[in-house]
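Please keep the sequence and the model in view while reading.

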Amino acid sequence: MNNMTEVTEFILMGFTNNFEVQVFLLLLFLQIYLFTLIGNLGMVFLVTRDSRLHNPMYYFISVLSFLDACYSSVVTPKMLVNFLNENKAISYLGCATQMFLFVTFGTTECFLLAAMAYDRYVAIYNPLLYSVSMSPRVYVSLIIASYVGGIVHASIHTVATFSLTFCASNEIRHVFCDIPPLLAISCSDTYTNQLLLFYFVGSIEIVTILIVLISYGFILLAILRMHSSEGRRKVFSTCGSHLTGVSIYHGTILFMYVRPSSSYALDHDMIVSTFYTIVIPMLNPIIYSLRNKDVKEAVRRVFGNLKGMGCGRGGKR
């Protein structure tokens, strides 16, 4: 690539150069990141340990939790280091790798949220056939397809973006290597890249949101047919958490990428993209666990077993 000889590294400018603000942001985002890792990896641990959570819905949630932990880890550690370091450089290859992983995990999450909506539709609209319709072959295929879709989408944007020439500046007005701020500093014609971004992200959003809306349309019909108020409450509790997660995630994605390039405001966009890459992964364990009775009971069982094991070992001594 021609730009390999022109730019060998990029400078991530970040939020501010004010030392006191940087220390505050470091402490804030470090706490968020630790909570994200503990919450999401804790959910994965919970699903693998508790046999009562061994069903497609919780397998999807555990994969989502793993994705969120990876998603946040692609961006946050480098950002935290830059708060303490005067040298905020990232290598050309490091920037490309960060962008590829970031887009891969972000797109995979879009497809996975749609798969989770379909899973809820199958479970609620036709519960008697749920074990057949959502067999291991089906839900594993949906998870693999989500990852494949994410990798393909990320490959397209990474190749398209890093085929551009970067000669005017290597300073990225962002905390990580995202597509719009990289397009902003390229001295090549970025019209094709902007079209790719608009149409690919727009198409993925339309398809996945339609799947969610259609699935929940059928779920609503099933709820209206229910005679049990307890059944309705349980369905609303389960589906409400998923809809909350979907709405927050897709809302920020649509705001960030599906709009004309003339409306990009990099400083403002940096705050929004930080929200969906760092804050949303922290919120998902809360959304999917606080209102979920099965998860609360699983936490009590797992910690009760661990405590019992600890007491048993102590008694043997």
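**From the aromatic pair outwards**

Phenylalanine 10 and tyrosine 92 are both buried, where buried means under 20% relative accessible area, exposed over 50%, and partly exposed in between, with a 1.4 Å probe and protein chains only. The model is predicted: local features need pLDDT of at least 70, side-chain atom pairs count only at pLDDT 80 or more, and totals for chains, interfaces and linings use all residues. Residues are numbered from 1 along each chain as its sequence is written, and side-chain values use heavy atoms, with hydrogens and water left out.

How are the rings of phenylalanine 10 and tyrosine 92 arranged? A pair of aromatic rings is described by the distance of the centres and the angle of the planes. Rings of Phe, Tyr and Trp (its six-membered ring) pair if their centres lie within 6.5 Å; planes under 30 degrees apart count as stacked, over 60 as edge-to-face, and the rest as tilted. The structure holds 15 aromatic pairs. In the pair of phenylalanine 10 and tyrosine 92, the centres are 5.9 Å apart and the planes stand at 20°, so this pair is stacked. It links distant parts of the chain, since phenylalanine 10 belongs to strand E1 (residues 9-12) and tyrosine 92 to helix H4, 82 residues apart. Helices (H or I, at least four residues) and strands (E, at least two) are DSSP runs, numbered from the N terminus.

Phe10 and Leu182 have the most contacts inside the largest nonpolar core, which has 82 residues. Helix H4 (residues 92-125) gives the most to this core, with 16 residues. Such a core is a set of buried Ala, Val, Leu, Ile, Met, Phe, Trp, Tyr and Cys residues joined through side-chain atoms within 4.5 Å.

Strand E1 also belongs to an open sheet of 3 strands, ordered E2-E1-E3 with mixed pairing. Strand E2 (89-91) and strand E3 (171-172) are the edge strands, each pairing on one side only. Two strands pair if DSSP finds at least two bridges between them. E1 and E2 pair in the antiparallel sense over 3 bridges, and isoleucine 11 has alanine 89 of E2 as its bridge partner. With E3, by contrast, E1 pairs in the parallel sense over 2 bridges; here leucine 12 stands opposite isoleucine 172. The covered face of E1 carries Phe10 and Leu12, while Glu9 and Ile11 lie on the uncovered one.

Asparagine 82, in helix H3 (residues 56-84), counts as buried because its relative accessibility is 6%. Threonine 274, in helix H10 (residues 266-289), counts as buried at 4% relative accessibility. A polar atom of the threonine 274 side chain lies 2.6 Å from the backbone oxygen of methionine 270. Leaving aside neighbours within four places in sequence, threonine 274 is in contact with Phe15, Phe29, Val175 and Val279.

Note on methods. Polar contact = N/O pair within 3.5 Å; in protein donor to acceptor, adjacent residues only side chain to side chain. Contact = heavy atoms within 4.5 Å.
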